[in-house]
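Here is a brief report on one protein chain.

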Amino acid sequence: MIKKSVTIGIHCFNEEENVLVVYKKIKAIISTLKDYEFNFLFVDNASCDTTQEKIKTIIRKDKKVRAIFLSRNFGPEASGTAVVFHTVSDALIMIPCDLQGPPELITKFIKKWQEGYDLVLGQYTKAEDSIVMTFARITFYRLFKKISNIDVPINVTGFGLYDKKIIMALKSLPEKYRFGRGLTAWIGFKRVFIPYEKKRRMRGKSSYNFFDYIKHSERGIFGFSYLPLDLIVYLGFILTMFSFVFIVSYLFAAILFGNPLKASITLVSAVVFFGGINLLALSIIGKYVQVIVEETKNRPLYIVEEKLNFK
């Protein structure tokens, strides 16, 4: 009987304290799953610490480990995409290097895959994070779920198992301005969610700050929702009707009673208000233009500096 192959995909940036720990932990778990042929794929986003050296140490000891080193930090979307694009196995299991997604779920992922699910994703029911970040994440994903044109599950990251059909579908998507969670929801297929508790990072420090999360959320909103543009249209229509009624009423009042506006405050307020609306509308349109520009540049998502243990 030919064993199905499964790639363990781990993308990282400055994870020198975690990379050996996550490898050993996963190695111990998959050693009990004898019916599958496992291999590892590390993608490093040009770490500034000793992450790459430690990955090389792993490769020297384990020939089933491959690695890709990117030429600079292209961000987590790019490194995650590199994992997908270089996977040729029957399935891919994405594991976060910071261990906030427990590797112990691998056995449950495999079991659900055996039952016929193409996409098995971890869905955290509780996150050990700051109150501000927890509130921000919950607010964004609930809002995104309502305004997007796809059904994106809440509290789901890239942590999970992807069947070969999912991998091929993701590889076929040509866009450069990528929002992985949105793309995974958009392609469809049979899926199931495994609940877990998202633990606090035990080692190292996250390189992601609040503004990085904002930029990441923009990828979702402007890549999967046209509601901001629709709101501009509706607001423009309402303000146009209001302005028409106001102008007609003002002209009648001026003819019958003379100029009712003796001060300039009202006019200045109106100019500032409508100027702000115009600026907001142009900013929203500008964000969609930014997406178009990113797509038309046709630059690669990432540049590979080095590949290790690829045949």
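Among contacts between residues at least 6 apart in sequence, 84% join residues at least 24 apart. The model is predicted. Its protein chain has 311 residues, and 41% of them are buried. The secondary structure comes to 10 helices and 8 strands.

**Nonpolar cores**

The largest nonpolar core holds 39 residues. Within this core, Phe42, Ile106 and Ile110 touch the most other members. Helix 1, residues 19–30, supplies the largest share of the core, with 6 residues.

What does Phe42 contact, once its neighbours within four places in sequence are left aside? The partners are Ile10, Val19, Tyr23, Ile55, Ile58, Val65, Arg66, Ala67 and Ile68.

**Cysteines**

How many disulfides does the structure hold? The count is 0. A disulfide would need two cysteine sulfur atoms within 2.5 Å. For Cys97, the closest cysteine sulfur is in Cys12, at 4.7 Å, so the pair is too far apart for a bond. Two of the cysteines can be set side by side by accessibility:

| Residue | Relative accessible area | State |
|---|---|---|
| Cys48 | 70% | exposed |
| Cys97 | 2% | buried |

Cys48, in contrast, is exposed.

**The second largest pocket**

Rolling a probe the size of a water molecule over the atoms shows where empty space is left. The second largest pocket contains about 280 Å³ of space. Its lining is made of 15 residues. Nearest the pocket centre lie Glu175, Phe222, Gly223, Phe224 and Tyr226.

Which elements give two or more residues to this lining? They are helix 7 (180–186), helix 8 (210–224) and helix 10 (265–297). Helix 10 gives the most, with 4 residues.

What is the make-up of the lining by class? It has 10 nonpolar, 3 polar and 2 charged residues.

Key: Residues are numbered from 1 along each chain as its sequence is written. This is a predicted model: local features need pLDDT of at least 70, side-chain atom pairs count only at pLDDT 80 or more; totals for chains, interfaces and linings use all residues. Side-chain values use heavy atoms; hydrogens and water are left out. On a 1 Å grid over the protein atoms alone, a cavity is a set of points where a 1.4 Å probe fits but cannot get out, and a pocket is an open set with protein on both sides within 12 Å along at least five of seven lines; lining residues have an atom within 4 Å of a point. Grid points are joined across faces, edges and corners, and a volume is the space filled by probe spheres set on the points. Ala, Val, Leu, Ile, Met, Phe, Trp, Tyr, Cys and Pro count as nonpolar, Asp, Glu, Lys and Arg as charged, and the others, Gly among them, as polar. Buried means under 20% relative accessible area, exposed over 50%, partly exposed in between (1.4 Å probe, protein chains only). A nonpolar core is a set of buried Ala, Val, Leu, Ile, Met, Phe, Trp, Tyr and Cys residues joined through side-chain atoms within 4.5 Å. Contact means heavy atoms within 4.5 Å.
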